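Hello,

Please find the structure we talked about below. My notes on what was found in it follow.

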Amino acid sequence: MPPKKKARTDNYTPRITRSRARRALAGVAHPEDVPNNPEAPLESCAQGSGEPAQKVVRIRRGSLQQLPEVAIEIQNMIFGDLEPRDLFNLSRTCKRFHAHFLSKNTEPLWKAVMQNAPDLPERPPWLSIPAYVHLLYSQFCHNCGAPNIRKIQFATFMRLCSTCVQKLTVWYKNAFDTMLTARERKSWLFATFHFNDRFPRRSFFFKILTRPMISKNKNPTKNRVLKEHVMLFVKGFRAAKNPNKDRFHEAVVKVFQTIRKDHVARLPYANDIQDWMEEQDDERKLDLETARTQRFELIKARLWEDGWGKELDFIGAKGIEAMSKLPVVRQSSKLTEGGEKVLAALDKFLHDARTRRLDVEMKAVLRPRMKDLEEAIIAHYLKIPRTPKMDCRPQAIDFAFLPECRALLELPASRVVTDEDFASIVPALAAQWEADRRDELVKYLRPHLGKIADDVDPLSLAIAVFEHEYGDGQPSLCMLYYPAVLSHDSCGIGSLRKRDATLDELVAADVYTRGVMTLYWTDGFFNDLKAGKTRYQAPRVQVPFRADRLFQFKKAGRAVTPVARMRKIVAALGLDPARATFDELQKHDGALRCDTCEKEDPKDAVMALMWCAAYDHATLVHPEGHPKWRRASEKDMKKVRAHLNHLPPLGNGVSWTCALCTEFVGRPETIPEHLSEVHQVRDYKKAIRDGTIYISPGRERWHSGGEEIILRKGAPKGRR
C-alpha cells in the first residue's frame, strides 16, 4: 500500500529556501509563494517591499541550441559586429556551435567578422578563414591538443608541442635512412646522391628546429626537417629511378625546385604573421606590465595603511624593486579586496625589512653613545702620567649590558645623551667591575695554585699565569698575568671579548643585544649571513670580558696546565713558587737549560732560555709532560748577559706606551722620534728607567723575557 500524501494544513507555512529568500529580497514573486486566496492582491506577495511584485517570466532551458537554425541573414545581424577571435571563442562553447560555425554555410559570416579586424595579416590562400583564425588565436597543439603553445611552426603553419615536433620531424642526417628501405639505401643511385650531400644543403628551407649549420653538430634534437617534405623527395626518388645518372639528378633537382617554390610562396605570409604575433606579444606584455604595476601600487598603498611605510622608505628603490619581483606580487590578476593573502605572503619579507631597519637605527644611536661611554671610562681611569695599570681597564662593551648603562644607551634618538651622563655612573660601575673580575679570576685560579703564603695576593704570584683558550687543547703562546689579562682584546680567535655566535642566536636576540654585539659589522653583512653568502658559519661578535675563554683545566685535552708548567720554571730559577711574585720574576736575571732535550740529542744546539722563552719551549716541545730544567751556570750566564747587553734597549717587536700621552702606543722604531718631537726627551733609555715609556701590558714576553741564547751550536744533521 503506497504511503499517504501529506495534506497541507490551514496554518501551512512554506519552507524558505535560498532561492525563495533571494526572490523575497528582490521583490519577485513565485507561484508557490502566492497565497491560496485567489482574490488576494499581487502586491501582498512582496514581503516587506512595499511595492508590487514583478511578473515572473519563465524561459525554457536550451533555447540557444536552436540558434543555428536561424536564417544566416539574421545571424549576420547578430554576430556581424564581433571580431574573429570572439566568433572563434563562441564556436568552442559547445559541439553544436562548433559544427555550425565551422560549416560552409557560415562562410559569409566569417568574411563579415574578418572585416572587423583590419589589422590582421593577410590570410594564406590555402587556409580557410576558421583555420586561419584557429592558427592565430588557439594556443593549443594542433596535433595532440597540448596547451600553452605560443610558437607557430611555419614549415607546416601549425602549432606543435615539443613531443609532436619530434614525432612529425626527423633529424636531417637520418632523413633518408628512416624513409627509404634498406634496398633503396644500398642502390648506387641513392649512394651517388647521398654522398653529394644535396639534401642537407638544400633542405634549410624546411627545417623546423634550426641551429647554425655546423659540420660538427651532432645534436639530433636540432636541425630537424618535416617527414612530409622528406617523403616528397622519396616519392620523387622512387619515381625517377633511371639507370641514366643525368636524368636521375634532373628529376631529383625538380623535386627540390617544387618544394622550394612552395616555400617561397609561403614565406611572405609567414613573415607577416610572425610580425603580427610579435606585435600582439608586445601589446600583451605591455598590458600585463600595466596590470602588474597597478596591482603593485595597490599593494604598496595597502602596506602604507597597515603601518609598513617606514619599511618601504628604508628598503628604498632597490628593495621595492626586489619586492615587486616576488611571485605573489608579480601577478597580473586584480588584487582581491583586502589583499590578505598577498600580505600574508609578504609577511617574512616585511619583517626582515623591519629587522634590518631597527638594526640600522639602533646602531646609528649606539655608535656615538658607545664612543661617549668609552671616553667616559678613559677619562675616569687615565691620569697623566699614565701607568700600566691604567691600561688594564674595562671597555665600553663591558658596561653595555649593565642596567644603568643600557638605560642610557637604548634611549630613543630624540633624547640627547652625552659623555657627562655616562661620567656620573662610570666610577661606581668601574669599582664594581674590578671587584667582580678579581673575584672571578681568583675563583678560576685558586684551586690550582696549591698551598701559598697567606700574606700573598694569589693574582700577583709568578705562577698565577693565564692562557687564553685556542680550542681543543691547542698550545697557546699568549701567556698573561693579572691585571694585563683584563686588557687583552686581540682580534684573533683568543680574544677574551669576542666569541662565536650562531645565526639563530642573533635572529632570536632583541634589537639592542644584536646591535651591541654586531656594532661594527657592516649593514649588509648580517643580510649576507642570513642569505648564506658569506664564508662564516659562526661569525664573531663582541661581548663583555669572559673568563671562560681562558684555559679550561677540566675541559682541556692537555695533561699539563699553565700553572703547573710555570711552577716548574719558577722553582728551577731558585724562586719559591708559593711566594714569588710576577714582579720578582721579571727582575730575575737567571736562565734555564732543558736537560731533557740535551740528553735526547747531545749533538743538538745548547740553548739558554729566559723565563718566558722557557714557558714557550715547554708548551711547544713538551706539551704532554714536564721537561727537566737546569739552571744555567755562571759561565753560561756570562754569555747570556753579553747577549742581552747587545740587544736594542727597546727590543724587537715590542709595543711601547707613552706615559705622557693618553693614546700613543708605538713600535720601537717610532719611540725616539715621538719622545723628541712631542715631549722634547732626547734620552729614550732614561725614559725607560723613569717610566716615561713602558711596555704595553701583556707584551712582556716580547722583551728580554722571551730571549733564547745559543750557548753551543749543534752539529750538522748529516754528521750526528
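Lysine 111 counts as partly exposed, because its relative accessibility is 46%. A word of caution before going on: this is a predicted model. Lysine 111 forms a salt bridge with glutamate 107, and the closest N and O atoms of the two are 3.7 Å apart. Both belong to helix H5 (residues 107–114); they sit 4 residues apart there, so about one helical turn separates them. Glutamate 107 is also partly exposed, because its relative accessibility is 41%.

Helix H5 has a packing partner as well. Helix H2 (residues 72–79) packs with H5 at an angle of about 25°, and their axes are 10 Å apart. The two therefore count as roughly parallel, given that the limit for that word is an angle under 35 degrees. H2 passes H5 in a right-handed crossing. On the H2 side the contact involves Gln75, Asn76 and Phe79, which meet Pro108, Leu109 and Val113 of H5. Sorted by class, this contact of H2 with H5 has 4 nonpolar and 2 polar residues, and no charged ones.

**The chain as a whole**

The protein chain contains 31 helices and 16 strands. It has 720 residues, of which 40% count as buried. Taking the contacts between residues at least 6 apart in sequence, 65% join residues at least 24 apart.

Aspartate 510 and arginine 406 form a salt bridge in which the closest N and O atoms are 3.2 Å apart. Aspartate 510 is partly exposed, with a relative accessible area of 36%. Arginine 406 is partly exposed too, at 23%.

The side chains of glutamate 598 and arginine 630 also meet in a salt bridge, at 3.0 Å from N to O. Here again distant parts of the chain are linked: glutamate 598 is in helix H27 (residues 595–600) and arginine 630 in strand S12 (residues 629–631), 32 residues apart. Is glutamate 598 buried or exposed? Its relative accessible area is 17%, so glutamate 598 is buried, the limit being under 20%. Arginine 630 is partly exposed, with a relative accessible area of 32%. The pair is part of a network: salt bridges that share partners join Arg593, Asp595, Glu598, Arg630 and Asp636.

**Two further helix pairs**

Two packed helices are described by the angle between their axes and the distance between the axes.

Helix H16 (residues 347–381) and helix H21 (residues 426–449) pack at an angle of about 75°, and their axes are 10 Å apart. That makes H16 roughly perpendicular to H21, since the word covers angles of 65 to 115 degrees. H16 contributes Leu373, Ala376, Ile377, His380 and Tyr381 to the contact, and H21 contributes Val426, Pro427, Ala430 and Glu434. By class, the contact of H16 with H21 has 7 nonpolar, 1 polar and 1 charged residues.

The axes of helix H25 (residues 562–572) and helix H28 (residues 611–621) come within 10 Å and cross at roughly 130°. H25 is therefore oblique to H28. Their crossing is right-handed. The contact is made by Pro562, Arg565, Met566 and Ile569 of H25, together with Trp611, Ala614, Tyr615, Ala618 and Thr619 of H28. The residues of this contact of H25 with H28 divide into 7 nonpolar, 1 polar and 1 charged.

**A threonine in a loop**

The last item is threonine 156, which is found in the loop between strand S1 (152–153) and strand S2 (158–159). Threonine 156 is buried, with a relative accessible area of 13%. What is threonine 156 in contact with, leaving aside its neighbours within four places in sequence? The residues in question are Leu226 and Glu228.

Regards

How values were computed. Residues numbered from 1 in each chain as written. Predicted model: local features only at pLDDT ≥ 70, side-chain atom pairs only at ≥ 80, totals over all residues. Heavy atoms only, no water. Axes fitted to C-alpha atoms, helices over the stretch in contact; angles between N-to-C directions. Parallel < 35°, antiparallel > 145°, perpendicular 65-115°, else oblique. Left-handed = near helix turned anticlockwise from the far one by under 90°. Contact = heavy atoms within 4.5 Å. Nonpolar A, V, L, I, M, F, W, Y, C, P; charged D, E, K, R; others polar. Salt bridge = Lys/Arg side-chain N within 4 Å of Asp/Glu carboxyl O. Buried < 20%, exposed > 50% of the residue type's maximum accessible area, 1.4 Å probe, protein only.
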